[in-house]
Amino acid sequence: MMSNGGFSSRNGASGPSYINGPFQNPITIHPSTQGYIVAQPSSTMTQSKAPLLPAPDNYNFKLCQQATPVSLYQSPSASSMPIRPPEGCSEPFAPSQPAACNHRMLLLPTSQSSSTPPVSNSFCQNLHQPISRQYEGHTHVGNAVNPNPALGSSLTSMAYSLGTPTPLFFGNASQSPGPPPASASNLPVPGPNAANAVPQTSNQLDRKLYGTPPAVGSPADMGASPPLRPPGLLVSSVLPPPLADQNEAGPYPPQAGQMSKPAGTAYPSLEPGYQGIEGIPKPLPVHPPTPLYGFPPQQYQQPSVGPAQLSPSLSALSLQSQTPEALRVVNLLQERNILPPGPVPAPTPCLPQDLQKLNCSPEVFCSTLTSIPQTQALLNKAKLPLGLLLHPFKDLSQLPVVMSSSIVRCRSCRTYINPFVSFLDQRRWKCNLCYRVNDVPEDFMYNPVSRSYGEPHKRPEIQNATIEFIAPSEYMLRPPQPAVYLFVLDVSHNAVETGYLDVVCQSLLESLNSLPGDTRTKIGFITFDSMIHFYNLQEGLSQPQMLIVSDIEEIFLPTPDSLLVNLNECKELVRDLLKSLPQMFTKTMETHSALGPALQASFKLMSPTGGRVSVFQTQLPSLGVGALNSREDPNQRASAKDVQHLSPATDFYKKLALDCSGQQVAVDLFLLSGQYCDLATLGCVSRYSAGSIYFYPSYHSQHNPAQTERFQKDLKRYLTRKIGFEAVMRIRCTKGLSIHTFHGNFFVRSTDLLSLPNINPDAGFAVQMSIEENLVDMQVVSFQAALLYTSSKGERRIRVHTMCLPVVNSMSDIFAGADVQAITGLLASMAVDRSVTASLSDARDAMTNAAIDSLISYRTSVLTIQQPGLLAPACLRLFPLYILALLKQKAFRTGTSTRLDDRVFAMCQLKYQPLMYLMLMIHPSLYRLDNLTDEGSLNINDCTIPQPGMLQLSVEKLNSEGAFLMDTGSEMYLWVGRNCNPTFLKQVLGVQNYATLPLNMNRLPELDTAESTRTRAFISWLREQRPFYPLLHIVRDESPLKASFMQNMIEDRTESALSYYEFLLHVQQQVSK
């Protein structure tokens, strides 16, 4: 008999569902409403070629990662509480001790052994190795890394720098460095990574390559039809992302290699500063672009059983015939205008068309290499990092949601059934990760969409690479937790002076009815200065009651049962408290801050249920446990070669975060201060509890209105955005592949299970990978990320993303599939860890070596005819530019007065932001706005959006007669030239002439002119591409912000950093050795 269980498939949380059974009327899939779409530099270059960030043999990590869903909720007595079983387990499972969990581990050099295959000399290989520390039984790690310490590799090679070469150890450091190899062919063999190896230095340059990482699960996945990815802009709000079974390219057609100016535009004659530089090559003839892949898209012949059946003949798809556009040779010293006119497209995996159209969107799940090498040795030879980037909880406009009595998974590896499994017949399917043959359940034979029986390959699970399941009861050990929100507010004199309290209370009042949740939602408040203030909001009271605890050494809860109250039942008391809070402390003279005790009280209060703690802090904690002293010396900012104090001053906040994670509590930190607050230490409480960090330097509601506006917008988004509670994520891959290092905000509960007490749609993750077993017999590999979470409505859900990629055996195929933006994003995360575990200079050298090593590998292994110049494949032509941009980014730059908290926050963003937002932060976009036209514009909701071309980040592109917009992600600068067109001044800026343009202008007036409408439409469209609110600054020549604007001109030389052209000469010098 056919099962008549409650299968339903629906798009979004509130869409119609498909009820299982042959007698139901068919219902088409409707757009989801679940998505909640909300509109909204430099350092001196060293000439030594040093190793890059440590990463095992190669970097493999994409924007988004998912883990097998498991509920990790623990009750107040954390040590004895059972943990939710892993996905698919119907019986309870014993939680690994919270203390034994892998936390974010810091990458340290590891030992090497000759048994490991040789690796390239890049920072990637060592980056993946984290440092593990034991805190009262908890294993904490900077980057989560598999416990298996076996696979780091290193390469000895010449480091390039102007001064004494500094060896970069990203992998194993136990071996003494050896002499540089005579050629790229005799690179040393990488060895296993030593667990707590300490970075070493020596006069000889020792570069660590991507070492082999510890073995993890075996996830495998395929990349979805790649919509074009803008250089940092999210396009989905303009054109909603397609369903996984659609193949849409987005608003920009793929134009690989297209230049904004004719190819071959040579650099002008050298400026006086360049004339003494050696190695300047003579101009070479420009090679015209060659055609794309020389074969037409092949129709994949699916067996009659259905589209999930993989063909064994994928090997025929290897890049043969003509040279693909991705491998077109580009001489970087001759072709100056290498920026594409629009968004940089994500490469399309070389898969059969009907497989590719089912692939996961690269905005959600992508790989640094869209063609996976057959062996680790081949990966090492390519000198490119292998990794995945994940944006697992991204707001999606269309998301298929399936409710079924049973979720079909592999009985061996627990992979969820997906579009890339093989149906042997109508009753059996083969797992695409471990290759086990499984039976097709009876109720899976019925397709509720077509009301047909016997076509399992047409089910939504087989037609969508991204899908969400409503989990049955076996995925929970207790009823799903309610949404619980606790707000912890600094009310010291310094905090009250900033005026932030009024903004927080007003924003909460406006958003109280919009907080995600249901009738069980709870809320509570704690304020603190030198004492801790609790608020009794119990139903029946006429007004809120303040309870003060002055003993901060032994913190306790005065009335545990009335401090967290049901929001619906006590809403009026909550409103009264929010209205009175700003006035309660206006006359306070208390200057101390007992943040540590306030967090301990929060933990005690939240432990029974789990939930979200939102902490607002304005100064350095000065009292009680967790008190800190200032570690910043402003006099050493500009002169010090290496930056000190990037690691925490105490492990108190990290330990507390681990305790919170064990009880399903996440802590989000809002830091609003004009003074040093030691974000490197305070940020640990969010980093290891899967929280978020917000930083507003020089915040003051009166003196800095632009910062106040940004805080208000961010807070509104934060309070109302979608949220998932008590979540876990696991990433699986095809047998033979291994995940060894994780990047992001989380706690690693076991080798490959990420504990995420909260998950939000703005969080990104990255993982590094290695190839443990040869993939010789495979044509494709798959990756699957599974996120198990509790929705704010109390539903247990599992969101699954699956990606499929081809396996190749040639270097040219590997390079042709390189995703330059994903590689840059992964290297940025690795460099952050290297900065903390080794030094900033090591991280900088490692990033530079990543570019050098990859171009050396391309030159020696792919190019058939050697030519002079700095040659790169078209797909990597932006790689040196992105590396230079990272070197000049606030996180890594030297030689300028970068505040320590600013630097640490930039590092947090590099580790936490999804790739689409991260790339804007690394390489901003520059547009000219004074000559906007409707030519080539987009039409969205009857609104015309101009599409100006992107310009190079150089003052050469500016002129005094124009107006130029720079988009850095979190901020926008509109620079107005002194001789700007009077029409633009009057009809867009609303001023009569340049002299009357205000110095502190932060918004465009709404004028009834065509020019004003176009300009505002374009800026609004850019803002809607991201969930956070970017400030707009109108900049004049006399404006103090002009320095910030010019600092983002990455291609120009500064007093402490090379220009792009000088950097290319430097790279060429190393490549030609």
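Modeller: Leaving aside its neighbours within four places in sequence, serine 614 is in contact (heavy atoms within 4.5 Å) with Leu486, Phe487, Val488, Asp668 and Tyr718. This is a predicted model: local features need pLDDT of at least 70 and side-chain atom pairs count only at pLDDT 80 or more, while totals for chains, interfaces and linings use all residues. Residues are numbered from 1 along each chain as its sequence is written, and side-chain values use heavy atoms, with hydrogens and water left out.

Serine 614 sits in strand 24 (residues 611-617). Helices (H or I, at least four residues) and strands (E, at least two) are DSSP runs, numbered from the N terminus. Serine 614 has a relative accessible area of 1% and is buried. Buried means under 20% relative accessible area, exposed over 50%, and partly exposed in between (1.4 Å probe, protein chains only). The side chain of serine 614 makes a polar contact of 2.5 Å with the side chain of tyrosine 718. A polar contact is a pair of N or O atoms within 3.5 Å; within protein, one must be able to donate a hydrogen and the other to accept it, and residues adjacent in sequence count only if both atoms are side-chain atoms.

Now the strand alongside. Strand 19 (residues 484-490) runs parallel to strand 24, and five bridges join them. Two strands pair if DSSP finds at least two bridges between them. Across this pairing, tyrosine 485 stands opposite arginine 612 of strand 24. Strand 19 also pairs with strand 20 (residues 522-528), in the parallel sense, over seven bridges. There, valine 488 has isoleucine 526 of strand 20 as its bridge partner.

Strand 19 is mostly covered, with seven of its seven residues buried. In a regular strand the side chains alternate between the two faces of the sheet. In strand 19, Val484, Leu486, Val488 and Asp490 point one way, Tyr485, Phe487 and Leu489 point the other way, and all are buried.

A helix comes next. Nine of the eleven residues of helix 9 (residues 652-662) are buried, so helix 9 is largely enclosed by the rest of the structure. Its buried residues are Phe652, Tyr653, Lys654, Leu656, Ala657, Leu658, Cys660, Ser661 and Gly662. Just after helix 9, glutamine 664 takes a positive phi of about 65°.

For contrast, take a tyrosine. Tyrosine 453 lies in strand 17 (residues 452-453). At 40% relative accessibility, tyrosine 453 counts as partly exposed. Its side chain makes a polar contact of 2.3 Å with the side chain of glutamate 442. Tyrosine 453 and glutamate 442 are eleven residues apart in sequence and 10.0 Å apart in space, C-alpha to C-alpha.

Strand 13 pairs with strand 14 (residues 428-430) in the antiparallel sense over three bridges. Phenylalanine 423 stands opposite tryptophan 429 in strand 14.

Another open sheet has four strands in the order 35-38-39-40, with mixed pairing. Strand 35 (925-928) and strand 40 stand at its edges with a single partner strand each, so one side of each is left without a neighbour in the sheet. Four bridges join strand 35 to strand 38 (residues 963-967), and the two run antiparallel. Serine 925 stands opposite aspartate 967 in strand 38. Strand 39 (residues 971-976) and strand 40 pair in the parallel sense over five bridges. Tryptophan 975 stands opposite valine 1035 in strand 40. Five of the five residues of strand 40 (residues 1031-1035) are buried, so strand 40 is largely enclosed by the rest of the structure. Leu1031, His1033 and Val1035 are buried on one side of strand 40, and Leu1032 and Ile1034 on the other.
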